[in-house]
Amino acid sequence: MLYGITAAATALLLAALLSAALRAPALRLRLVERRRQRDVPLSGGVAVVLVTGLVVGAGERLGLAPPADGTPGVLAAAGAVALLGLVDDVWRLRRRVLAAGTGVAAACVVPYGETGVGTGLLAVVWVVAVALGLRGLDHADGLAGTAGVVAAFGVAACAAVEGMDGLAGAMSVLAAALTGFLLHNWHPARVGLGSCGSMSAGFVIAVGAVYARAGSGVVESAGVLFALTALVGADAVLVLGARRLGGRGVLRRGPDHLAHRLRRLGLTAPGVSLLLGTGALSGTLVGVLAHAGRIGSGALWWVAGGALVVVFALSRVPVYGPRRSVSPQLSGPLRVRNG
């Protein structure tokens with residue numbers, strides 16, 4: 001218990017300090033994201049990755065951390081995902097490249113001995129979806145970090161129920177590091193998470209949840225996994241569904257996420273993050289209680305139903321502007337490119 005508190009406090013402090021310290025170098029290197037006419041340096045992701053690995057690694061090296069429970073392998077694979085995300089932050093890789101790289105990393109650490117090959121492959125797909133889904137939430141100040149903190153603590157609780165103290169400790173360290181980053185990412189954000197931080201955090205959370213649920217029933221496990229990451233799932237379903245129904249490319253960027261739609265309804269940026277964070281916390285609590293057997297698995301259907309209601313309601317909020325028509329005089333070799 002003392003180690004867990006000390007490790008989490010250390011991770012929070014170091015992540016807060018390092019996120020601020022790396023801000024100036026990130027600006028000089030143009031490792032930034034353009035957000036509302038201002039450059040947001042993406043130093044937070046690097047800080048979260050380094051601090052999480054450093055604190056967990058130091059605890060194991062000094063013999064202070066609980067048994068590893070496969071945590072070193074998960075963190076090593078997450079480091080590879082973080083490097084892939086950092087390359088994306090610099091050069092903007094195609095999403096299929098990000099998905100393929102994340103899938104290879106996930107395939108190397110999924111516990112096939114407990115899940116079976118078929119279920120293990122489904123778990124790989126789910127890990128990729130969560131990693132890219134959390135990346136998709138990084139467009140709004142404070143949102144991806146809040147979703148990551150809530151989900152990480154939920155997975156830590158599930159791991160603790162299973163007696164996987166090493167995994168629970170690593171998840172708590174990740175949640176604390178994300179909290180330290182959030183001190184600089186709340187609106188108006190001074191640093192960003194970027195693909196490096198969001199994809200690696202989503203990867204660790206998703207793989208940790210798979211480890212905690214390995215060996216349990218597939219259907220109930222799917223419900224628990226969704227509840228732990230309900231915000232990520234709801235946002236992905238809304239975006240993909242809206243783009244598909246709107247005749248837009250599913251990989252095309254647009255102001256069509258949950259946060260964008262809530263802002264259209266008049267909520268402030270902090271209000272959006274707080275509202276969605278509260279919803280994520282509600283789903284996570286149901287997932288943890290169902291995993292622990294404190295409530296029936298039927299409660300998981302309420303999480304799924306609530307997410308679908310939110311998705312349907314917000315899908316009615318108009319976010320796509322009318323297509324710009326091309327003047328007859330400009331038709332021919334000159335084309336209008338949609339930005």
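Which residues in α8 meet which residues in α14? Leu143, Thr146, Val150, Gly154, Ala157, Cys158 and Val161 in α8 meet Ser273, Leu276, Gly277, Ala280, Leu281, Thr284, Val288, His291 and Ala292 in α14. Contact means heavy atoms within 4.5 Å.

## About the model

This is a predicted model, in which local features need pLDDT of at least 70, side-chain atom pairs count only at pLDDT 80 or more, and totals for chains, interfaces and linings use all residues. Residues are numbered from 1 along each chain as its sequence is written, and side-chain values use heavy atoms, with hydrogens and water left out.

Helices (H or I, at least four residues) and strands (E, at least two) are DSSP runs, numbered from the N terminus.

## Helices α8 and α14

Helix α8 covers residues 143-161, and helix α14 covers residues 269-292. Their axes come within 9 Å and cross at roughly 10 degrees. That makes α8 roughly parallel to α14. Axes are lines fitted to C-alpha atoms, for helices over the stretch in contact, and angles run from 0 to 180 degrees between N-to-C directions. Angles under 35 degrees count as roughly parallel, over 145 as roughly antiparallel, 65 to 115 as roughly perpendicular and the rest as oblique.

Gly277 sits in helix α14. Gly277 is buried, at a relative accessible area of 10%. Buried means under 20% relative accessible area, exposed over 50%, and partly exposed in between (1.4 Å probe, protein chains only). Setting aside neighbours within four places in sequence, Gly277 is in contact with Thr146 and Val150. Gly277 and Gly148 are 129 residues apart in sequence, yet their C-alpha atoms are 9.6 Å apart in space.

## Helices α5 and α7

Two packed helices are described by the angle between their axes and the distance between the axes. Helix α5 (residues 95-107) packs with α7 at an angle of about 130 degrees, their axes 9 Å apart. The two are therefore oblique to each other. α5 passes α7 in a right-handed crossing. A crossing is left-handed if the near helix is turned anticlockwise from the far one by less than a right angle, and right-handed if clockwise.

On the α5 side, the meeting residues are Arg95, Leu98, Ala99, Thr102, Gly103, Ala106 and Ala107. On the α7 side, they are Val124, Val127, Val128, Ala131, Leu132 and Arg135.

## The nonpolar core

The largest nonpolar core has 85 residues. Such a core is a set of buried Ala, Val, Leu, Ile, Met, Phe, Trp, Tyr and Cys residues joined through side-chain atoms within 4.5 Å. Trp126, Val127, Leu137, Leu174, Phe203, Leu231 and Leu276 have the most contacts inside this core. Helix α9 (residues 165-185) gives the most to this core, with twelve residues.

Phe203 touches Val74, Ala77, Ala78, Val81, Thr102, Ala105, Ala106, Val109, Val127 and Ala131, not counting residues up to four places away in sequence.

Gly180 is found in helix α9. Gly180 counts as buried, at 0% relative accessibility. Leaving aside neighbours within four places in sequence, Gly180 is in contact with Leu12, Ala15 and Ala16.

## Salt bridges

Side chains of opposite charge can pair when their charged atoms come close. The structure holds three salt bridges. Each is a side-chain nitrogen of Lys or Arg within 4 Å of a carboxyl oxygen of Asp or Glu. Arg135 pairs with Asp88, the closest N and O atoms being 3.2 Å apart. This pair links distant parts of the chain: Arg135 is in helix α7 (residues 117-136) and Asp88 in helix α4 (residues 71-91), 47 residues apart. Both Arg135 and Asp88 are buried.

Asp256 pairs with Arg243, with the closest N and O atoms 2.7 Å apart. Asp256 lies in the loop between α12 (230-245) and α13 (258-264), and Arg243 lies in helix α12. Arg243 is buried, at a relative accessible area of 3%. Arg30 pairs with Asp39, the closest N and O atoms being 2.8 Å apart. Asp39 counts as partly exposed, at 26% relative accessibility.

## Backbone details

A cis peptide bond joins His187 and Pro188, with omega about -5 degrees. Pro188 is in the loop between α9 and α10 (194-213).

Arg30 has phi near 60 degrees, a positive value in a residue other than glycine. Arg30 is in the loop between α2 (23-28) and β1 (32-35). Phi of Arg92 is also positive, near 60 degrees. Arg92 is in the loop between α4 and α5, and is partly exposed at 44% relative accessible area.
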